[in-house]
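Welcome, and thanks for taking a look at this one.

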Amino acid sequence: MNQTVEELAAFLSLPHKIVITMHRDPDADALGSSLGWGRYLSKKGHEVTIISPTDYSANLRWLPGMEDVLIYENGTQQAICKKKIDQAELICCLDFSVLSRLKDLGKVVQDAGAIKMMIDHHLEPEHFAKWMIWDTQAAATAQLVFALIKELEPGVLVKDLIDEKQAQCLYAGIMTDTGSFRHPNVTPDVHLAVADLMLAGLDTSRIHRLIYDNAPLSRLQFLGYVLSQKLIVLPEFRTAYMVLTEAELARFNSSTGETEGIVNYGLQVENVVMSALFIERKGEVKISFRSVGTFSVRDLASGHFSGGGHKNASGGRSELSITDTVNKFLSILPEQKEALLSVD
Ligand code: 5GP
Ligand code: MN
């Protein structure tokens, strides 16, 4: 056991008030890892509160334990969230490493007196946490949670440690952050973790169906519109991009979750190695980037669009108009051309 885990184990040997939080617009890894970790702590006798900074996509509502997750942005729940954070002795920060990813909740967490702990796999973390379970080689935060629980309970068989609901939460995170086991972040350890979860009684096919085959008809119709009308390919830069205005989102009655994953379609075009999605929402432009191989969209997001993330999956924001944001992106492409063309 390394020193961090040893100190954590000693702290967890007595019951505590614990808050778990994750990045805004949480995905299946942020929520799945939080719920899996929360369930472990509850079973150990701790009083656990899970707080999401914002609402989340409808296809994640089935995750076991979701009914108890508080949403900070939800007016009536904000006061309870603040009280829980105020009373907390430990705040666990999952699937993010910079406090700005918490939106308005970031300052509340920063100012809280509780010990902070980070479990995360993103690059370049801020140092706000006393205990850091941080590994950029991990495919998902849920994978780190799984490994941490095993480390905290040496000698206990996984099937006695992780119940089926926990396995569903952790698997949802691992499955989605690996793009259903096809990204280069998949290692033998990922498959070994999943094998253990399956031995704990997990039905993997059901989880896949609940996440990917559980969309309202409107999402598929919206996707059809985006792919047929909005996908632009620039072969000379091996780049694809899509631009969605607030009016278009309103026309399709699109909620936050319905644009999730759409950026990946750009990479399905032959020879394309970078895909970008620009979404105008609530007075700002949210950008998602995806790439393959050596081309780093994290550098692009952090260098030009106040964002970050992983080498092949990153995001950022812009306060310019959507047209100016896209023009800025287009003006950057020539200087990236060599790197884009050299991807294998
Ligand atoms: P998505 O495109 O799915 O929103 O985000 C892809 C990846 O980029 C995620 O792993 C996320 O952590 C990261 N990311 C997205 N938006 C931001 C941002 O505004 N700031 C930072 N630092 N990372 C982001
Ligand atoms: Mn993640």
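Let's begin with helix 8, which covers residues 188-199: its 12 residues reach 16 Å from the first C-alpha to the last, close to the 16 Å expected at 1.5 Å a residue. Please keep in mind throughout that this is a predicted model. From that helix we move on to a second one, then to the metal site, the domains and cores, and a few individual residues.

- The buried residues of helix 8 are V190, A193, V194, D196 and L197. They cover an arc of only 155° around the axis, which puts them on the same side of helix 8.
- Which elements cover the buried residues of helix 8? The cover includes helix 5 (141-152), helix 6 (158-161) and helix 7 (164-177).
- Just after helix 8 comes G201, with a positive phi of about 105°.

**Helix 10, read the same way**

- Helix 10 (residues 217-230) has 14 residues, which should span 20 Å at 1.5 Å a residue; its end C-alpha atoms are 19 Å apart, which agrees.
- Buried in helix 10 are R219, F222, L223, Y225, V226 and K230. Seen down the axis, these buried residues fall within an arc of 160°, so they line one face of helix 10.
- The face of helix 10 turned away from the buried side carries L217, L220 and S228, which are exposed.
- Strand 7 (232-234), strand 8 (239-244) and helix 11 are included in what covers the buried residues of helix 10.

**The manganese site**

- Which residues coordinate the manganese ion (ligand 2)? The donors are D29 (OD), D95 (OD), H121 (NE2) and D177 (OD), at 2.1 to 2.4 Å.
- Along the sequence, the donor residues of the manganese ion follow the spacing D-x65-D-x25-H-x55-D. Distant parts of the chain are linked here: D29 belongs to helix 2 (residues 28-43) and D177 to helix 7, 148 residues apart.
- Are D29 and D177 buried or exposed? D29 is buried, with a relative accessible area of 0%, and D177 also counts as buried, at 17% relative accessibility.

**Domains and cores**

- The domain assignment of the protein chain gives domain 1 (3-211) and domain 2 (217-341).
- How far apart are the C-alpha centres of domain 1 and domain 2? They lie 27 Å apart.
- Eight residues of domain 1 are in contact with nine residues of domain 2.
- The largest nonpolar core has 55 residues, and those with the most contacts inside it are W37, M117, I119, L148, I162 and L197. L197 is also one of the buried residues of helix 8.
- Not counting residues up to four places away in sequence, L148 touches V5, L8, W37, M117, I119 and I133. Apart from this core lies another, of 23 residues, among them Y241, V297, I332 and L340.

- L35 is found in helix 2 and is buried, with a relative accessible area of 4%.
- Neighbours within four places in sequence aside, L35 is in contact with I50, L63, P64, G65, M66, V69 and C169. L35 and I20 are 15 residues apart in sequence, and 8.7 Å apart in space, C-alpha to C-alpha.
- L99 is found in the loop between strand 4 (90-94) and helix 4 (105-111). At 8% relative accessibility, L99 counts as buried, the cut-off being under 20%.
- Leaving aside neighbours within four places in sequence, L99 is in contact with G106, V109, Q110, E126 and F128. From L99 to H127, 28 residues apart in sequence, the distance is 9.8 Å, C-alpha to C-alpha.

**Backbone spots to check**

- N271 has a positive phi of about 75° although it is not a glycine. N271 is found in the loop between helix 11 (246-251) and strand 9 (274-281).
- K282 is not a glycine either, yet has a positive phi of about 50°. The loop between strand 9 and strand 10 (284-291) is where K282 is found, and K282 is exposed, with a relative accessible area of 70%.

Methods
Residues are numbered from 1 along each chain as its sequence is written. Chains are lettered from A and ligands numbered from 1 in the order in which they are written. This is a predicted model: local features need pLDDT of at least 70, side-chain atom pairs count only at pLDDT 80 or more; totals for chains, interfaces and linings use all residues. Side-chain values use heavy atoms; hydrogens and water are left out. Helices (H or I, at least four residues) and strands (E, at least two) are DSSP runs, numbered from the N terminus. The expected span of a helix is 1.5 Å times one less than its number of residues. Buried means under 20% relative accessible area, exposed over 50%, partly exposed in between (1.4 Å probe, protein chains only). The arc is that of the directions from the helix axis to the C-beta atoms. Contact means heavy atoms within 4.5 Å. Donors are N, O and S atoms within 2.8 Å of the metal (3.2 Å for Na, K and Ca); water is not among the atoms, so sites may look incomplete. A nonpolar core is a set of buried Ala, Val, Leu, Ile, Met, Phe, Trp, Tyr and Cys residues joined through side-chain atoms within 4.5 Å. Domain bounds come from an automatic or database domain assignment.
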